[in-house]
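Here are my notes on this one, written as numbered points. Keep the viewer open and find each spot as you read.

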Amino acid sequence: MARPTKEGLEYFPLDTDIDQDEKIIVVVAKYGMRGFGVIVRLMMEVYRNGYFYHWTEKEQYVFSMKIVETPDFVNEVVQECLKWGFFHQELYDKYGILTSKGFQKRFLLAVNRRKGVIIKHEYDLVKEVNVDNNSVNDDINPENDDNNTTKEKKVKEKKRNKDNNVYVEILSYLNEKAGKNFSHKSEANKKLINGRMNEGRTVDDFKRVIDVKCEEWLQDDRMSQYLRPATLFSQKNFENYVNQKSKMDSKKQPQQDIRDIEIAFSKFIAAGGNPDEFDWSS
């Protein structure tokens, strides 16, 4: 008798800095380790099933019972995960499943030696990737594969070097200003920077945020711990921080003493000047 085909995974990778991922960092900040525990257990259910997890009323109660949490609390965490893109909102609304492009890509990479593994068409978020982790492109000319590969490597290397320069510049600036030692090689830090760059932000915007918050928090023992990429560069905070006025912005040029202006006005009149033509801004 043939062995049944295994659907899910026996184990899955868990990044050491997953709690800094911008898609769950707000959830963890809001619900603490309880929320983080719910997220990890949901990941287990997704990968145990393959690449998605049905989230019907039945699963909600069974899952809550397994982890000894209330269904209301678990659903609050799930809704936050959907809100921030950890799970795909559209597929949840349409099919009642918890999944994402990331879950599907990691699943395909893990099962690339299995035969006949496919993702259901209606759930598929990674149509451009096959189970061998190759891009699907029927227009490639086999004779030019080597040339195309070489050019692609050069382009990727050039882009990687450019990106690294950006990471180094931003994080070195933060380390210098805040007296920290954040690494430009950290994938979590790169994700945060890339996220804001994709929204049109510039290196100068990052430096402004660093300047503004260092000015506000550096001398505060309680707040100085938040001078970190996870706080400064998160999607939720960055927009507010970059538009926050600093003390330097608030400083105005000292105005000329009004008495000096009045004396100048008196002299102007005494010299026969027209009062309506006096320049009060001088």
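This is a predicted model: local features need pLDDT of at least 70, side-chain atom pairs count only at pLDDT 80 or more; totals for chains, interfaces and linings use all residues.

1. Let's begin with the overall layout. Read along the sequence, the chain goes α-β-α-α-α-β-α-α-α-α-α-α-α-α.

2. How much of the chain is buried? Of the 282 residues in the protein chain, 35% are buried. As for who touches whom, take the contacts between residues at least 6 apart in sequence: 61% of them join residues at least 24 apart.

3. Now have a look at helix H3, which covers residues 71-83. Its 13 residues reach 18 Å from first C-alpha to last, close to the 18 Å expected at 1.5 Å a residue. The buried residues in H3 are Phe-73, Val-74, Asn-75, Val-77, Val-78, Glu-80, Cys-81 and Leu-82.

4. What covers the buried residues of H3? The cover includes helix H1 (25-49), helix H2 (57-67), helix H4 (89-95) and strand E2 (97-98). Just after H3, look for Gly-85, which takes a positive phi of about 90 degrees.

5. H7 has 12 residues and reaches 16 Å from its first C-alpha to its last, close to the 16 Å expected at 1.5 Å a residue. Its buried residues are Ala-188, Asn-189, Lys-190, Leu-192, Ile-193, Gly-195 and Arg-196. Following H7 you'll find Gly-200, with a positive phi near 95 degrees.

6. The largest pocket holds about 450 Å³ of space. It is lined by 20 residues, and the closest to its centre are Asp-15, Asp-21, Phe-86, Arg-106 and Lys-191. Two elements give two or more residues to this lining: helix H5 (101-110) and helix H7 (187-198). H5 gives the most, with 4 residues. By class, the lining of the largest pocket splits into 9 charged, 8 nonpolar and 3 polar residues.

7. The second largest pocket has about 320 Å³ of space. Among its 14 lining residues, Ile-25, Ala-29, Arg-228, Ala-230 and Thr-231 lie nearest the centre. Which elements each supply at least two residues of this lining? They are H1, helix H9 (229-232) and helix H10 (235-242). H1 provides the largest share, 5 residues. This lining has 6 nonpolar, 4 polar and 4 charged residues.

8. Why does Asp-205 count as buried? Its relative accessibility is 18%, and buried means under 20%, so Asp-205 falls on the buried side of the cut-off. You'll find Asp-205 in helix H8 (residues 203-217). Leaving aside residues up to four places away in sequence, Asp-205 touches Phe-238 and Val-242.

9. Last, the cysteines. Cys-81 has a relative accessible area of 0% and is buried. Cys-214 is buried too, with a relative accessible area of 7%. How many disulfides are there? The count comes to 0, where a disulfide would need a pair of cysteine sulfur atoms within 2.5 Å. For background, a disulfide is a covalent bond between the sulfur atoms of two cysteines.

Key
Residues are numbered from 1 along each chain as its sequence is written. Side-chain values use heavy atoms; hydrogens and water are left out. Buried means under 20% relative accessible area, exposed over 50%, partly exposed in between (1.4 Å probe, protein chains only). Contact means heavy atoms within 4.5 Å. The expected span of a helix is 1.5 Å times one less than its number of residues. On a 1 Å grid over the protein atoms alone, a cavity is a set of points where a 1.4 Å probe fits but cannot get out, and a pocket is an open set with protein on both sides within 12 Å along at least five of seven lines; lining residues have an atom within 4 Å of a point. Grid points are joined across faces, edges and corners, and a volume is the space filled by probe spheres set on the points. Ala, Val, Leu, Ile, Met, Phe, Trp, Tyr, Cys and Pro count as nonpolar, Asp, Glu, Lys and Arg as charged, and the others, Gly among them, as polar.
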